Amino acid sequence: MTGEHMDAIGIGWDVRGWQGNAQAVAVVGWQASTQQLHWLGVSPLFRLSSRVAPDLDALLRPALQDEVALMQVLACPRLALGIDAPLAFPRALAELLAGRGIDFPVPQREIDNPYAYRDCERWLHERYGKKPLSATFDRLGNNATLALSMLPRLGDLQLVPRQVREAKRAVLEVYPALAKVGGKASAVRPALQPHLPASLIPGTDPYDAALCALMALQYAADGAVGALPPLLAPPADFPLDEGWIYHFVP
């Protein structure tokens, strides 16, 4: 089944950095009339080309079988790309790099360091007790800079919620780890397992890409995919300059 029959499509990208040879992308569609999910493709592990700047086509081609499928996916009016990488850096870090660093004592907890973590990451930690990796203090900056550099080359996909609060064709930061029963190598919660391709193995990059795709799909469908949990959007009064990490409600 191809993208022309889909009412919404989610693309998931498990980012593996600039020189990474384990990029993984998954594409899933949804039909409103039947409430069914259809996996349109899951890529093998791949490396982005060193000859041209990567764009949305470069992500989709390894996951889709032919040009027809590619064009049908790109033409879907409700399309979202879920990226498992930070799509913003802490605002205090930008001030520091501009020579306007702030004075504060050494924090007792790393999560409270404004150069290391964003408001959305502190919100996750307070809500779920989960501390994401820091884009500045950990190696995640490799993945973050790659993902951020690609944003201008994603066609008409708009970054939510920083660029616009909502969009029918969107790119968003997602957090698949929150949907798992344990650490990164663990499986998803039992309610989600039937909706992933049976061939995928927990702890692998394609598995995480597929989980990102499900989150992106729920966004693209405006929360109408009944088989999936609701996707948590930022609270109405939440500051959006550092972005938001979309995730399934546990």
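Reader: On what basis are the residues numbered and the values counted?

Author: Residues are numbered from 1 along each chain as its sequence is written, and side-chain values use heavy atoms, with hydrogens and water left out. This is a predicted model, in which local features need pLDDT of at least 70 and side-chain atom pairs count only at pLDDT 80 or more, while totals for chains, interfaces and linings use all residues.

Reader: In what order do the strands of the open sheet of 6 strands stand?

Author: Helices (H or I, at least four residues) and strands (E, at least two) are DSSP runs, numbered from the N terminus. Two strands pair if DSSP finds at least two bridges between them. The pairing in this open sheet is mixed, and the order of its 6 strands is β3-β2-β1-β4-β6-β5.

Reader: Which strands are the edge strands?

Author: An edge strand pairs on one side only. The two edge strands are β3, residues 36–42, and β5, residues 158–159.

Reader: Which residue of β6 stands opposite A80?

Author: Strand β6 is joined to β4 by 5 bridges, and the two run parallel. Strand β5 also runs parallel to β6, with 2 bridges between them, and there Q158 stands opposite A170. The residue of β6 opposite A80 is likewise A170.

Reader: At about what angle does helix α6 run to β1?

Author: Axes are lines fitted to C-alpha atoms, for helices over the stretch in contact, and angles run from 0 to 180 degrees between N-to-C directions. Contact means heavy atoms within 4.5 Å. Helix α6, residues 205–220, lies across β1, β2, β3, β4 and β6. Its angle to β1 is about 145 degrees.

Reader: Is N143 buried or exposed?

Author: N143 lies in helix α5, residues 140–150, and what covers the buried residues of this helix includes β1, α1 and β4. Leaving aside neighbours within four places in sequence, N143 is in contact with V15, R16, G17 and A85. The C-alpha atoms of N143 and R16 are separated by 5.9 Å, although the residues are 127 apart along the chain. Because its relative accessibility is 11%, N143 counts as buried.

Reader: Which backbone oxygen lies 2.8 Å from a polar atom of the side chain of R47?

Author: R47 is found in the loop between β3 and α1, and its relative accessible area of 43% makes R47 partly exposed. Leaving aside neighbours within four places in sequence, R47 is in contact with Q19, G20 and N21. The backbone oxygen in question belongs to Q19.

Reader: Which element gives the most to the lining of the largest pocket?

Author: On a 1 Å grid over the protein atoms alone, a pocket is an open set of points with protein on both sides within 12 Å along at least five of seven lines, whereas a cavity is a set of points where a 1.4 Å probe fits but cannot get out; lining residues have an atom within 4 Å of a point. Grid points are joined across faces, edges and corners, and a volume is the space filled by probe spheres set on the points. The largest pocket has a volume of about 550 Å³, and of its 26 lining residues the closest to the centre are D84, L133, L140, Y175 and K184. With 3 residues, the element that gives the most is α5.

Reader: What is the volume of the largest cavity?

Author: The structure holds 1 cavity of 30 Å³ or more. Residues lining the largest cavity include V160 and P161, which are joined by a cis peptide bond with omega of about 0 degrees. The volume of the largest cavity is about 50 Å³.

Conventions: Buried means under 20% relative accessible area, exposed over 50%, partly exposed in between (1.4 Å probe, protein chains only). A polar contact is a pair of N or O atoms within 3.5 Å; within protein, one must be able to donate a hydrogen and the other to accept it, and residues adjacent in sequence count only if both atoms are side-chain atoms.
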